[in-house]
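Dear colleague,

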Amino acid sequence: MILSLTKLDNSIHAGGNQNLKFARSMFEGDLTQIKSVLGTFFDLGGQQVNLSVVCQKDLEDALVHPESHENLVVRVGGFTARFIDLDKKTQQDVLTRTAYC
């Protein structure tokens, strides 16, 4: 995947922003694996990356307890937003496409 993402010719456009989704467990404890993935991305010419580390359980809890998730930011069709500020239909859409944890 990293090899494919870094094949873009950044000299002909204003950079390639990549959205990568990771399981939260990759950021708990030993970070060797995630450092390797991100290091390889940048070593091969990757310029910008947005990391998503959102768990479906977190989103479900944010629907019930929004006051506990004020800093939960999600990517929605080309923009980012605080999850609790989205309308209910968009929240459900984000929840249905987030099937990992």
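Patches here are built from residues with over 30% relative accessible area and no salt bridge, with like charges joined within 9 Å and nonpolar side chains (Val, Leu, Ile, Met, Phe, Trp, Tyr) within 5 Å. Accessible areas follow the Shrake-Rupley method with a 1.4 Å probe, and for residues only the protein chains shown count as cover. The model is predicted: local features need pLDDT of at least 70 and side-chain atom pairs pLDDT 80 or more, while totals for chains, interfaces and linings use all residues. Residues are numbered from 1 along each chain as its sequence is written, and side-chain values use heavy atoms, leaving out hydrogens and water.

F27, L31 and L51 make a nonpolar surface patch of about 210 Å². L51 belongs to strand β2 (residues 48–52); strands (E, at least two residues) and helices (H or I, at least four) are DSSP runs, numbered from the N terminus. L51 is partly exposed at 37% relative accessibility, where buried means under 20%, exposed over 50% and partly exposed in between (1.4 Å probe, protein chains only).

A salt bridge requires a side-chain nitrogen of Lys or Arg within 4 Å of a carboxyl oxygen of Asp or Glu; the count is 2. In one, D58 and R24 meet at 2.6 Å, N to O. Because D58 lies in helix α3 and R24 in the loop between β1 (17–21) and α2 (32–43), this pair ties together parts 34 residues apart in sequence. R82 also bridges to D85, with the closest N and O atoms 2.8 Å apart; R82 is partly exposed at 33%, whereas D85 is exposed at 53%.

Yours sincerely
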